[in-house]
Amino acid sequence: MTDKDTSKTTPRFLGQDSALPTSPEEAILDYVPNPRAGELYLTRFAVPEFTSLCPVTAQPDFAHLVIDYAPDKTIVESKSLKLFLGSFRNHAAFHEDCTVGIGQRLFTEMKPKWVRIGGYWYPRGGIPIDVFWQSGEPPQGLWIPDQGVASYRGRG
């Protein structure tokens with residue numbers, strides 16, 4: 001492994017003071033070697049306080065995100081994911097763009113066996129919007145639990 005290859009798998013943010021990126025495009029996601037490469041398993045990130053901005057009104061939008069993925073050779077480092085997701089706080093985009101864009105970026109960069117994201121958006125204008133995306137069919141034999149977020153009835 002060359003020095004260049006090592007820098008791709010050495011976390012840049014873990015154990016460091018890290019400023020919140022100003023945009024999702026500026027945010028850097030770190031990927032580290034999967035300590036259980038070759039095993040079929042699911043990793044879940046629950047993000048109950050995700051925020052972004054409405055692109056029309058600039059009012060805040062809130063969601064509960066659930067990200068599930070079956071890693072292949074790498075896993076996403078959680079602090080870099082936290083910073084990436086936090087960068088949406090001042091990002092103006094529709095719910096669909098945020099949710100699908102997060103899933104696609106993880107799939108494109110990390111190259112997991114499979115990824116899905118559920119975006120359970122809190123109501124604005126009286127309508128909750130739930131957005132779902134996955135990279136394709138899940139691998140045979142992968143245990144995929146329910147995302148555990150109920151249909152809107154005053155989510156908590």
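Student: How many aromatic pairs does the structure hold?
Tutor: The structure holds six. Rings of Phe, Tyr and Trp (its six-membered ring) pair if their centres lie within 6.5 Å; planes under 30 degrees apart count as stacked, over 60 as edge-to-face and the rest as tilted. In Phe45 and Tyr69 the ring centres are 6.3 Å apart and the planes are at 15°, so this pair is stacked. Phe45 lies in strand β2 (residues 43-53) and Tyr69 in strand β3, so the pair ties together parts 24 residues apart in sequence. Helices (H or I, at least four residues) and strands (E, at least two) are DSSP runs, numbered from the N terminus.

Student: Are Phe45 and Tyr69 buried or exposed?
Tutor: Both Phe45 and Tyr69 are buried. Buried means under 20% relative accessible area, exposed over 50%, partly exposed in between (1.4 Å probe, protein chains only). Phe84 and Phe88 make an edge-to-face pair, with 5.4 Å centre to centre and 75° between the planes. Phe84 is buried at 2% relative accessibility, and Phe88 is buried at 5%.

Student: Which residues form one aromatic cluster?
Tutor: Phe50, Phe84, Phe88 and Trp121 do.

Student: Before I go on, where does the model come from?
Tutor: It is a predicted model: local features need pLDDT of at least 70, side-chain atom pairs count only at pLDDT 80 or more, and totals for chains, interfaces and linings use all residues. Residues are numbered from 1 along each chain as its sequence is written, and side-chain values use heavy atoms, with hydrogens and water left out.

Student: What is the mean pLDDT of the chain?
Tutor: The mean is 91, and 91% of the residues reach 70 or more. pLDDT is the predictor's confidence in each residue, from 0 to 100. Over residues 1-7 it stays under 50.

Student: New topic. Why is strand β5 called largely enclosed?
Tutor: Eight of the eight residues of β5 (residues 114-121) are buried, so the rest of the structure largely encloses this strand. Trp114, Arg116, Gly118 and Tyr120 point one way, and Val115, Ile117, Gly119 and Trp121 the other way.

Student: Which strands pair with β5?
Tutor: Strand β3 (residues 60-70) runs antiparallel to β5, with eight bridges. Strand β6 (residues 130-134) also pairs with β5 in the antiparallel sense, over five bridges. Two strands pair if DSSP finds at least two bridges between them. Gly119 stands opposite Leu65, and in β6 the bridge partner of Gly119 is Val131.

Student: How many salt bridges are there?
Tutor: There are four. A salt bridge is a side-chain nitrogen of Lys or Arg within 4 Å of a carboxyl oxygen of Asp or Glu. One of them joins Asp68 and Arg44, with the closest N and O atoms 2.6 Å apart. Asp68 is in strand β3 and Arg44 in strand β2, 24 residues apart. Asp68 is buried at 0% relative accessibility, while Arg44 is partly exposed at 31%.

Student: And what about Asp61 and Arg124?
Tutor: Their side chains meet in a salt bridge, 2.5 Å from N to O. Asp61 is in strand β3 and Arg124 in the loop between β5 and β6, 63 residues apart. Asp61 is buried at 4%, and Arg124 is partly exposed at 33%.

Definitions and conventions. Contact = heavy atoms within 4.5 Å.
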